[in-house]
Structure formats: structure tokens, C-alpha cells
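Subject: Structure handover

Hi there,

Here is the structure I promised to pass on to you. Please have it open while you read, as my notes follow directly below.

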Amino acid sequence: MHDAIQAKLVYAIGAMPETASDNDWFRATAMALRDRLVDIWLNTRSEANRLNKKRVYYLSMEFLIGRLLLDTLNNLRLTEPTRRALASLGVDLDRMREAEPDAALGNGGLGRLAACFMDSLAALGIPAYGYGIRYENGLFEQRINDGWQKEYPEQWLARGNPWEFAHPDKRYRIGFGGTVEYIGGDDSTARAIWHPAETVEAVSYDTLIAGWRGRYANPLRLWSAQAPTPLQLSALDQGDLIGAAAARVRAEAISRVLYPNDATPEGQLLRLRQEYFFTAASLQDIVRRHIEEYGTLTTLPQHAAIQLNDTHPAIAVPELMRILVDEHEFGWGRAWKITRATLSYTNHTLLPEALESWPVAMIERLLPRHMQIIYLINWFHLKAVERAGSSDPAFLANVSLIGENGEKRVRMAHLAFLGSHCVNGVSALHTTLLRETVFRDLARTTPTRIVNKTNGITFRRWLIDANRPLTEMLTHTLGERVLDDPRCLKELERYADDADFLAKLRHARSLNKARLAEHLYKCTGIRLPMQALFDVHIKRVHEYKRQLLNILEAIALYQAIRTNPDAPWVPRVKIFAGKAAASYARAKLIIKLINDVAKVVNSDPVVGDRLKIVFAPNYSVSLAEIIIPAADLSEQISTAGMEASGTGNMKLALNGALTIGTLDGANIEIREHVGEENIAIFGMTATQVAERQREHLKGAAAVVASPRLKAVIDSLANGMFSPDEPGRFLPIVSSLTDYDHFMVAADFEAYWQAQRGIDQLWQSGDGWWRTSLLNTARMAWFSADRTVRDYAREIWDVPVA
């Protein structure tokens, strides 16, 4: 690696070793590794073609891949050789790798799952392409200003991306608007020519994802939007400088940011343009490749499995139908069979506001041919339902692709369901609720299978990369085989009562906590007590994820400590991190509350080191890799029935954090695997939550029943934490005492009691570390490799070892 890195530094970067910056060294190292990845990828592609392997195509709006340097080094088993090579050049790997920015390609669990799947697909030798958008500015960089979240553009591409290959020759024309011309065929399914009024070009950029031990590699292909003509010279000749570049600005906006604010019609239109843009480009690329290899799309389902990661790429259903019917002259029935046999769909949410729907008028204006195809799919669907004996108007309205309560809207989840041969949930509870709620009626009308595929995480990043002290301890105890087969972790159980082993586990955690404390001090100025229990709540900020419940309990704990400062309180550090959507005012107010409470608590000499609260800004994959290994307690406290699965719960438990949580998402399966005695479950079940929501019960009764909660709410109402604006948190007070939709007030007392049980376990000494060890030992089932194997065998029909 020494010579390869030095050559890249000089001849690709144009820098001299004596004056090179850490960023120069990072780019040179990445390029040297990229050369190796190319060789692996060429061998992977050659083997796939020689053996006629079926390919998987994973379409996702997000790929939260984070930094790639350490991940790639680890997967190629080159970390230590590279460390030595850089050291011989006077470069420290651990310092240098901080120069790599997090790829701003995702927001939360959806994108991180996609990234884990790309890792596992390569590790398992399954030929695959990931398809998404190359966002220039990502979601946003979060900064905390006077306790408030402020959003700034992410600049992850400002200094280039050494991992990617630009393919200016691989570009596809994507149309919007215009008119449709029918050209023949029967009346109902006549072929048509779409004449778009606007065309944008999708240009591909490939990043190669290395599989474990460098056996295979797969490309992540991201699309960048460009105008076919970057400058309108006629406008420029007339002195209209802005008009001359208008088309370019409009086109490039498509790949500018992730999830533009959709609170306005303009924002909604941009979101729909993004979704169609990357889906259409990806399908054109898939079809081109298939035609080149097999000559006809008749065999597409035998050689391609297209997975739609949530509803964002659901427009693939009418787009593939358009390609088959209009461009390749398939009859409607045959095209529909090919489409359904090729596509499958992962649902990630039960929340009505997250189940995408688009105004019919908007689709008619932006994608006129697709709206015609959607109408036709719906017509055939409803006729089939009626022929099967279901003529009830309410039932037909419920299973229709078009929602007509008020403004007519296309239900994208319904469209994805109808156009796929298989639909999966991402945890056992989530899949059950899909069958019983969102798709209950629709499932009775189609042969689409609903199956469960509980999410998984890649242990290679979230244990081997992120937690070096624990990994060294595991390999010393179990050998290198634990890196290849996580089922070996089960053997740790024999050390559960070994005091010496538990002491080593405690020491490994202390090293990780010291690293986190140093990082948080640098970015927040708050010093953390090392002997404290590190209580971690890291995820997207949303009311159903209930960061509010956590900070309310923190206020109650603060008040209890002040009332009785001589009691034997367990020192605790509450660590929050996560971004709120830019337009989500309530979530941003919760972030402000956390920071206002932290300001009061952290400066109170009566409390001292017995309670500290810190909000870590700009949550990212890299920040998670620092926080997760240091966590003692994992907050998984979503309102039961609202979290589809979660993957943060898996990462934290794998690293030995005890989970405190509701019976929601994958928490249920984690409990089954680690044992009821090794997880702290509290609160209402999904059934109980649904019953209270149907009754529209207010939180006031729970407040009256809990003097502790009443004192907390009174402190918010009287401005104790916002003396500069006493009424700041009155909207939160109202949400707790009026309709308690997210059951924060209803679950408060159960949560408080569960936290005091945590205190008792922490004070037990080895009892805590025994529980921590058993969590790590029993998490093997949650490997993304297991999840991807299940997809391959039961959805994609792809052979896998």
C-alpha cells in the first residue's frame, strides 16, 4: 500500500508528501483502495455473466453510507497494513480518516438499512446494483443556535469524492409534462407516444461497495440531474443572464437536496420530480442492460429482481408498464405479468402522513402518460374486484388506487402493493399490522404475498469498525471466526458469570466512553462524568419516537434530586442526537426544550455530576459510530405500533447496551432473543394504544394521577426552563393534557418506574455487565446477512450460500 498511496498522492492529487494535508492523504488512500475495488468488481461482474446469475436492483431514495475509508479497509482486511504504510509516510490513519466527510445521501433508518443491505449483498456474492440520487447538499447540516436547530447545506462534495466514478457516457433522458399521442391498439390499452415538454438528463456516478474479505464488490449507482443544454444562448444574446441558465438551475434542483420541504405545492412537485427522475433512470439502465444481454424483456423476471425500498420509487409500476407497452409493444396483460413478477416492495411505515399520496392533478401535469396508466391499472383492478363479488362502494373506495376524500390523490403504497408480487414488512409486529390495517382490504383482492423480513444491520461496520476495544476482546476470546460468523457470539454466554471477563468488558466500555466524552466536550463544551450511566437516545426527532417522554423524565429526575440531594442517586448522562425535518415545528420545539433543560440542569451545583444532559449536533453515521459503543442504555421508547422496526435498537444491543423500550417494532424480537430479563419493557401495547386513540382520550387524567408528571408540566407551563419566554413550551403542555396522541402522558409513570429499575440494576455491579454481555451474545440473528439471505430465497428467487 505504501507505493500505491504515494503514487496516487503525487500523480492523481498533485501533492508532495512533505506538504500534503490530511485531506490529500485521505484522497490518495481512497484512490489506491478504489483501484483494488475495480479489480474485484470486474471479477464479480465477469463471474455473474459467466454463470448467468440473476441480479438484484435495489431502488432507494436514501443510502446512508457514511464514511467509506475504514469500512473498505476492514472489508478488504487491509486496515493494519494500511496503518503501517501510512505511518511509514508520517501519517496517522486515525487522524487522517477524520478528513473524510459523511456522504450526505440519507436521513435515518431507511437509508442506513439500504447501506447495510449493499454491504451484505456484496458479502454474500449476490450481483446487485443500488440505485439512488447523488444529492449535492444532502438533507442539511444541523447546527444548534441558542438551543434551536438551524439548517445549513451539507458540503460533502465540496472537495470532490475520490470513491466515485463519473460515467458521462451513461446518461438517460427523463421527461416531464407534455402531451400523449395514441398510436393504435385496442381501445382500452392502446399504445401511446409521450411527448414531454421538458427533458432532464440523468448522469450516473458509481461507488463500489466492497464485500467481506474482498471476495465481491457491487456498484452503488447514483444519478445526478443535468440540463441537456446548460445555457440558452438565445436568452444570453438578449442580455437575459438569469433566463439563460434557468433550465440548468431547474434541472439541477432535482439532485440538489434530499427531501425538499413539501409544505408547499412547489416543494411537493420537486419531491415528485426527484422520485420519478431516479426511478425512470434506473429502469432505463436495467432495461438497457437486460436487452443487451438477453435481447427481449420477456425474460426480465428471470434475470432481474427490483426491490422498491418504501413508496418513493412506487412510480416504477406505471413506468415499467409504459416501457413495456409503449416502447416494446407488449400487450397489456403480458406487460402486467412481467411488471408484477419483477417488482417487490418493502413498506417501512404505518403512519398515514408517511404513506405517500400525490394529487391526481399534479401527476396529470407532470407525468400525463403515467396518470393514464395508473387509471387503467385501477380500472382493471376494480373490475376484477367486482367480478369476485365485492361491490360494496365503501370497500371499492378503500382498495382503489385513487383516494377521493376531498382532493383526488394517487395512493402510492396501494400502487406499489398492486404492482408487486411480494410486499414485506420489516418486523413481526409491523407485518402483522400491515395485514390488519393498511393493506387489510387490498390484500383480499390480489395475489400479492405479504411476508415479514425483519431488518438487520451489518456487524462489520457496527461492531468490527465502530467498537475496536470490544472487537479485540471478542477475537481474543473466540478467535477470528467470530468475524465471519456472528453466530459464534453465542459462545460468550459461558462467560456471563466470570467476574474477570466482565471486568474486561467494563474496561472496554470505559475506553469508548472516554472517546465519546472527548468528542462531546469538543462540540458542546459539556464535560461528562465517566462513572455515570450513559443513557442514549439517538434517532430522527419525531413525536412518535418520543424524545419528549425522555426529557420529561429527565426533568422529573432533576426535580427529585433537588428535593432529596442526599439520596443514593445513580449518576446519569442523558445523550440526545437527531435531526428534525426542517418544516416540523413541534419536533424542533422538542429539540429546543432538551437544550433549555440541559442549560438549567448542567449548571445546577445542587445536582452536580449526578445528572448531565447533552444534545449532540448534526447526527450522522460517523457520530453514531462514536456514541453506540459507549452507550450503557438504549432508548427505544416509540409509541407502540408506530415504529416499523428500528435498526438503532439492534446496533446498540449488539454493542452491549441494555434496551429500555416499548413492545414496538423489532424490540419484540430483540426481547425474544436476549431474554425478558435482559431488556426493560414498559408501557402500553399497540392494541392498547389503538384503543385509546379510537376513544380520543386526553392526557389530563394521566397528569392528575401522577403528581410527578404534574410537577413537570407545571415547570414547563410557568417558564422554569424558558424565563426569557415563559410561554414557549405551552404547545407541548397542551399536547400532553389535551388529546395525547403519542401516549406520552399515558406512558410517563410506567417509564419512570422502568428507569428506576434500570438504576437498581446499574447499582448491582456485575449484574449489569452480565446483562450487557448476554445482549451482545444473543444478537447474531439481527445480522443484515441473515435478512438479505431471507430476501434472496423468499422474494428475489436468487441463489445464496
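Please keep in mind throughout that this is a predicted model.

**The nine-stranded sheet**

Strand β1 (residues 55-59) runs parallel to strand β2 (residues 128-133), and four bridges link the two. One place to look is Tyr57, whose bridge partner in β2 is Tyr129. Both strands belong to an open sheet of nine strands with mixed pairing, in the order β5-β8-β9-β2-β1-β10-β11-β15-β16. The edges are taken by β5 (164-176) and β16 (449-452); each has a single partner strand, so one side of each has no neighbour in the sheet. On average, and ignoring direction, neighbouring strands here are turned by 25 degrees against each other.

Helix α2 (residues 22-50) lies across part of this sheet, namely β1, β2, β5, β8 (198-210) and β9 (217-226). Relative to β9, α2 runs at about 105 degrees.

Asp310 sits in the loop between β10 (304-309) and α12 (316-327). Most residues other than glycine have a negative phi, yet Asp310 has a positive phi of about 75 degrees. Its relative accessibility is 8%, so Asp310 counts as buried. Ile457 is found in the loop between β16 and α20 (459-465), and with 1% relative accessibility Ile457 is buried as well. Setting aside neighbours within four places in sequence, Ile457 is in contact with Cys116, Trp462, Thr647, Met650, Lys651, Leu654, Phe782, Ser783 and Ala784.

**Strands β18 and β19**

Strand β18 (residues 572-577) and β19 are parallel and joined by six bridges. In that pairing, Arg572 has Leu611 of β19 as its bridge partner. To get from β18 to β19 the chain passes through helix α25 (residues 585-602), a β-α-β crossover that is right-handed.

How much of strand β19 (residues 611-616) is buried? Six of its six residues are, so β19 is largely enclosed by the rest of the structure. In a regular strand, side chains alternate between the two faces of the sheet. In β19, Leu611, Ile613 and Phe615 point one way while Lys612, Val614 and Ala616 point the other, and all are buried.

Arg572 itself lies in β18 and, at 0% relative accessibility, counts as buried. Leaving out residues up to four places away in sequence, Arg572 touches Ala532, Leu533, Asp535, Leu557, Arg610, Leu611, Lys612, Leu633, Gln755, Arg756, Ile758 and Asp759. One of these, Arg756, is located in helix α33 and is buried at 14% relative accessibility.

**Two helix pairs**

Helix α33 (residues 744-763) also packs against helix α34 (residues 766-777), at an angle of about 105 degrees and with the axes 5 Å apart. The two helices are therefore roughly perpendicular to each other. On the α33 side the contact is made by Ile758, Leu761 and Trp762, and on the α34 side by Gly767, Trp768, Trp769 and Thr771. Sorted by class, that contact has five nonpolar, two polar and no charged residues. Ile758 is also among the residues that Arg572 touches.

The other pair is helix α21 (residues 468-478) with helix α23 (residues 499-524), whose axes come within 8 Å and cross at roughly 150 degrees. That angle makes α21 roughly antiparallel to α23. From α21, Pro469, Leu470, Met473 and Thr477 meet Phe501, Lys504, Leu505, Ala508, Leu511 and Asn512 of α23. By class there are seven nonpolar, two polar and one charged residues in this contact.

**One more residue**

Finally, have a look at Asp797, in the segment after α35 (784-796). Phi of Asp797 is near 55 degrees, a positive value in a residue other than glycine. Is Asp797 buried or exposed? Asp797 has a relative accessible area of 60% and is exposed, whereas Asp310 is buried.

Terms used. Residues numbered from 1 in each chain as written. Predicted model: local features only at pLDDT ≥ 70, side-chain atom pairs only at ≥ 80, totals over all residues. Heavy atoms only, no water. Pairing = 2+ DSSP bridges. Axes fitted to C-alpha atoms, helices over the stretch in contact; angles between N-to-C directions. Contact = heavy atoms within 4.5 Å. Buried < 20%, exposed > 50% of the residue type's maximum accessible area, 1.4 Å probe, protein only. Right-handed = clockwise from strand over helix to strand, strands pointing away. Parallel < 35°, antiparallel > 145°, perpendicular 65-115°, else oblique. Nonpolar A, V, L, I, M, F, W, Y, C, P; charged D, E, K, R; others polar.
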